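Subject: A structure for you to look through

Hello,

Please keep the picture open while you read.

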Amino acid sequence: MTKEGGKISGLLREVNIKAGLPIVDDAIKRVTYNIKNAKPMGVSAIKLIHGYGSTGKGGGIRTEVRKYLERLKSKREIKNFITGEKFSIFDEDTRTAFLVCDALRRDSDLERHNNGITIVIL
């Protein structure tokens with residue numbers, strides 16, 4: 001964690017959940033594991049790389065991960081998540097996420113509208 005202007009800004013972890021081409025259930029397990037183990041390590045945001053899917057319609061992993069994150073958000077197990085398509089300085093959720101994790105300001109996918117990633121705010 002870094003201290004900037006009196007505020008503590010957490011770490012950003014990047015996790016490639018599509019590595020090894022897992023089935024959807026295994027990808028969800030990877031997401032769960034990383035969310036549960038990130039907070040004690042000072043991580044405040046996780047960039048999930050899930051890919052968009054080879055069919056061009058959005059892959060099963062991407063779709064199911066985002067449904068799963070919506071459930072976690074509704075149960076308040078995560079603060080929020082930002083789809084790669086909306087990861088922009090013009091998006092209110094993104095600007096709020098910067099306050100939690102300043103490293104997101106320097107992420108290579110900011111402003112790229114990348115359908116293959118999702119940012120999880122812990």
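Read along the sequence, the chain runs β-β-β-α-β-α-β-α-β, which comes to three helices and six strands; here helices (H or I, at least four residues) and strands (E, at least two) are DSSP runs, numbered from the N terminus. Please bear in mind that this is a predicted model, in which local features need pLDDT of at least 70 and side-chain atom pairs count only at pLDDT 80 or more, while totals for chains, interfaces and linings use all residues. Residues are numbered from 1 along each chain as its sequence is written, and side-chain values use heavy atoms, with hydrogens and water left out.

Of the 122 residues in the protein chain, 46% are buried, where buried means under 20% relative accessible area, exposed means over 50%, and partly exposed lies in between (1.4 Å probe, protein chains only). Among the contacts between residues at least 6 apart in sequence, 65% join residues at least 24 apart, a contact being heavy atoms within 4.5 Å.

The sheet

Four strands form an open sheet with mixed pairing, in the order β3-β4-β6-β5; two strands are said to pair if DSSP finds at least two bridges between them. The edge strands, each pairing on one side only, are β3 (11-16) and β5 (80-83). From one strand to the next the twist averages 20 degrees, and for angles such as this one the axes are lines fitted to C-alpha atoms, for helices over the stretch in contact, with values that run from 0 to 180 degrees between N-to-C directions.

Strand β4 (residues 43-49) runs antiparallel to strand β6 (residues 117-121), and five bridges join them, with Lys47 standing opposite Ile119 in β6. Strand β6 also pairs with β5 in the antiparallel sense, over four bridges, and there Thr83 is opposite Thr118 in β6. Along β5, Asn80 and Ile82 point one way while Phe81 and Thr83 point the other way, and all are buried.

The helices

Helix α1 (residues 24-38) packs on the sheet, where it touches β3, β4 and β6, and its direction makes about 165 degrees with that of β4. Helix α3 (residues 92-100) lies across β4, β5 and β6, running at about 125 degrees to β5.

Helices α1 and α2 pack at an angle of about 40 degrees, with their axes 9 Å apart. That makes α1 oblique to α2, because angles under 35 degrees count as roughly parallel, over 145 as roughly antiparallel, 65 to 115 as roughly perpendicular and the rest as oblique. The residues of α1 that meet α2 include Val24, Ala27 and Ile28, and those that they meet in α2 include Gly60, Ile61 and Glu64.

Two buried residues

Ala27 lies in helix α1 and counts as buried, because its relative accessibility is 1%. Leaving aside its neighbours within four places in sequence, Ala27 is in contact with Ile17, Pro22 and Ile61. The C-alpha atom of Ala27 is separated by 8.4 Å from that of His50, which is 23 residues away along the chain.

His50 sits in the loop between β4 and α2 (60-74), and its 4% relative accessibility is why His50 counts as buried. The side chains of His50 and Thr118 are joined by a polar contact of 2.7 Å, meaning a pair of N or O atoms within 3.5 Å, where within protein one must be able to donate a hydrogen and the other to accept it, and residues adjacent in sequence count only if both atoms are side-chain atoms. With neighbours within four places in sequence left aside, the contacts of His50 include Ile61, Arg62, Arg66 and Asn115.

Two loop residues with positive phi

Most residues other than glycine have a negative phi. Leu21, in the loop between β3 and α1, has a positive phi near 50 degrees without being a glycine, and at 77% relative accessibility Leu21 counts as exposed. Glu111, in the loop between α3 and β6, is likewise not a glycine and has a positive phi of about 70 degrees, and at 31% relative accessibility Glu111 counts as partly exposed.
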